[in-house]
Amino acid sequence: MLLDQDQYIHWHRMKDDNVVHDLFWSHPDVVKLTNYCNLVFLIDSTYKTNEYKLLLFDIVGVTPTGMTFSATFAYLEGECLNNVI
């Protein structure tokens with residue numbers, strides 16, 4: 001609900017009716033920046049250190065001037081190719 005309120009681009013997959021399987025979100029302004037600066041991306045993940053034991057997947061972009069920006073975040077249940085795509 002908060003993602004909709006702030007107009008974030010988001011997508012989720014549910015395991016059951018009340019259990020989130022995967023959650024992806026990104027701010028619309030960052031999506032525009034990602035479209036302009038799309039040559040270098042760094043992908044990092046933090047393994048199950050949160051309360052829900054989900055993988056935090058972080059994608060960071062690099063601008064032509066060497067500045068970095070957070071392109072997107074996702075909580076993933078696992079590292080399967082299906083989850084990441």
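Predicted model: local features only at pLDDT ≥ 70, side-chain atom pairs only at ≥ 80, totals over all residues.
Val19 sits in the loop that joins β1 (9-14) to β2. In sequence, Val19 and Leu42 are 23 residues apart. In space, their C-alpha atoms are 29 Å apart.

The overall fold comes next. The protein chain contains three helices and five strands. Read from the N terminus, the order of elements is α-β-β-α-β-β-β-α. The C-alpha trace spans about 45 × 30 × 20 Å along its principal axes. The protein chain has 85 residues, and 28% of them count as buried. Contacts with a separation of 6 or more were also examined; 31% of these join residues 24 or more positions apart.

The surface and the charges were then considered. The protein chain has an accessible surface of about 6,400 Å². Carbon and sulfur atoms contribute 59% of that surface. The protein chain carries 5 positive and 11 negative charges.

A pair of aromatic rings is described by the distance of the centres and the angle of the planes. The count comes to two aromatic pairs. In one of them, the ring centres of Trp25 and Phe73 are 5.7 Å apart and the planes meet at 25°, so this pair is stacked. The cut-off for stacking is an angle under 30 degrees. Trp25 belongs to strand β2 (residues 20-26) and Phe73 to strand β5 (residues 68-76), so the pair ties together parts 48 residues apart in sequence. Trp25 is buried, at a relative accessible area of 18%. Phe73 is partly exposed, at 27%.

The rings of Trp25 and Tyr75 also pair. Their centres lie 5.7 Å apart and their planes are at 35°, so this pair is tilted. Here too strand β2 supplies Trp25 and strand β5 supplies Tyr75, so parts 50 residues apart in sequence are tied together. Tyr75 is partly exposed, with a relative accessible area of 27%. Trp25, Phe73 and Tyr75 form one aromatic cluster.

Thr72 is placed in strand β5. Thr72 is buried, because its relative accessible area is 10% and the cut-off is under 20%. A polar atom of the Thr72 side chain lies 2.9 Å from the backbone oxygen of Trp25. Residues up to four places away in sequence aside, Thr72 touches Phe24, Trp25, Ser26, Phe57, Asp58 and Ile59.

Ser26 is in strand β2. Ser26 is buried, with a relative accessible area of 5%. A polar atom of its side chain lies 2.7 Å from the backbone oxygen of Ala71. With residues up to four places away in sequence left out, Ser26 touches Tyr8, Ile9, Val31, Ala71 and Thr72. Ser26 and Thr46 are 20 residues apart in sequence, and their C-alpha atoms are 18 Å apart in space.

Thr34 provides a polar contact in a helix. Thr34 lies in helix α2 (residues 28-36). The side chain of Thr34 places a polar atom 2.7 Å from the backbone oxygen of Val30. Neighbours within four places in sequence aside, Thr34 is in contact with Phe41, Phe69 and Ala71. Ala71 is also among the residues that Ser26 touches.

Backbone geometry was examined at Gln7. Most residues other than glycine have a negative phi. Gln7 is not a glycine, yet its phi is positive, at about 60°. Gln7 is found in the loop between α1 (2-5) and β1. Its relative accessibility is 62%, so Gln7 counts as exposed; the cut-off for that class is over 50%.

Key
Residues numbered from 1 in each chain as written. Heavy atoms only, no water. Helix = DSSP H or I, 4+ residues; strand = E, 2+ residues; numbered from the N terminus. Polar contact = N/O pair within 3.5 Å; in protein donor to acceptor, adjacent residues only side chain to side chain. Contact = heavy atoms within 4.5 Å. Buried < 20%, exposed > 50% of the residue type's maximum accessible area, 1.4 Å probe, protein only. Areas by Shrake-Rupley, 256 points an atom, 1.4 Å probe, with all protein chains shown as cover. Lys, Arg positive; Asp, Glu negative; His and termini not counted. Charge placed at Lys NZ, Arg CZ, Asp CG, Glu CD. Phe/Tyr/Trp six-rings, centres within 6.5 Å; stacked < 30°, edge-to-face > 60°.
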